[in-house]
Amino acid sequence: MTPEQASAQSEDICRLAPVIPVLVVKDASSAADLARALVKGGLPALEVTLRTDAALDVIREMSTVEGGVVGAGTLLTPADVQAAKDAGAKFGVSPGATDRIIDACLEADLPLLPGAATASEAMYLLERGFTVQKFFPAEANGGAPALKSLASPLPQIRFCPTGGVSLKNAPDYLSLPNTLCVGGSWVAPGNLVDAGDWSAITALAAEAAALPR
Ligand code: 3PG
């Protein structure tokens, strides 16, 4: 696919809901229940980070859940991209971006949401045709005021800020003209996942899904 197609598809995914849950799941046997809980709460786009041994199985399990759009996060190598694609990921997310990751995703027809932390990184991605980017790590990089400052010189770039985003500060980002949605792990806390408290996770998802933007 072209970078323009990747950006258009990333934008569609980012517009599904105000929040993309960032998931670190250790046990694939509860993955479908977790995905169902989040989708039921109104968050269909799910980022499964490739940070656990189970992550690829988690993507496979979650991909069976109706209404979900499951992507792979923490893509670091072309091998990650191929594994994510083979597991059924519909999109990819990377904390930063390299030419190898970008090219691998384009070749694999996997829409990439590439990470940028500075104006130069965002400009490089723009040169490569990516108009939808992840602002990461958002809070550590100055948070919503920093992202707002990028809107004037780089109005053609839309972002999904991620990293340190919470229910409390999400509205600061979602009110910005250059923010499509935010990413965050707070909607699926490890203790609730471990306890299998799916109704509590659905409640957190519903709260996040109701955030105005
Ligand atoms: C991550 O790296 O895990 C994501 O950026 C999510 O960050 P968060 O846990 O601060 O939401």
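This is a predicted model: local features need pLDDT of at least 70, side-chain atom pairs count only at pLDDT 80 or more; totals for chains, interfaces and linings use all residues.

A: Residues are numbered from 1 along each chain as its sequence is written, and side-chain values use heavy atoms, with hydrogens and water left out.

Q: Which residues surround the ligand?
A: Val22, Arg51, Phe136, Thr162, Gly163, Gly164, Gly184 and Ser185 do, each with a heavy atom within 4 Å of the ligand.

Q: How many of the shell are nonpolar, polar and charged?
A: The shell divides into 2 nonpolar, 5 polar and 1 charged, with Gly counted as polar.

Q: Which polar atoms lie by the ligand oxygens?
A: A polar side-chain atom of arginine 51 lies 2.9 Å from a ligand oxygen. For serine 185, a side-chain N or O atom is 2.5 Å from a ligand oxygen, while glycine 164 places a backbone N or O atom at 2.6 Å from one.

Q: Switching topic, where is threonine 52?
A: Threonine 52 lies in the loop between strand E2 (45-49) and helix H3 (55-62); strands are DSSP runs of at least two residues and helices of at least four.

Q: Is threonine 52 buried or exposed?
A: Threonine 52 counts as buried because its relative accessibility is 18%, and buried means under 20% relative accessible area with a 1.4 Å probe, protein chains only.

Q: What does its side chain reach?
A: The side chain of threonine 52 reaches the backbone oxygen of valine 25 at 2.6 Å.

Note on methods:
A polar contact is a pair of N or O atoms within 3.5 Å; within protein, one must be able to donate a hydrogen and the other to accept it, and residues adjacent in sequence count only if both atoms are side-chain atoms. Buried means under 20% relative accessible area, exposed over 50%, partly exposed in between (1.4 Å probe, protein chains only).
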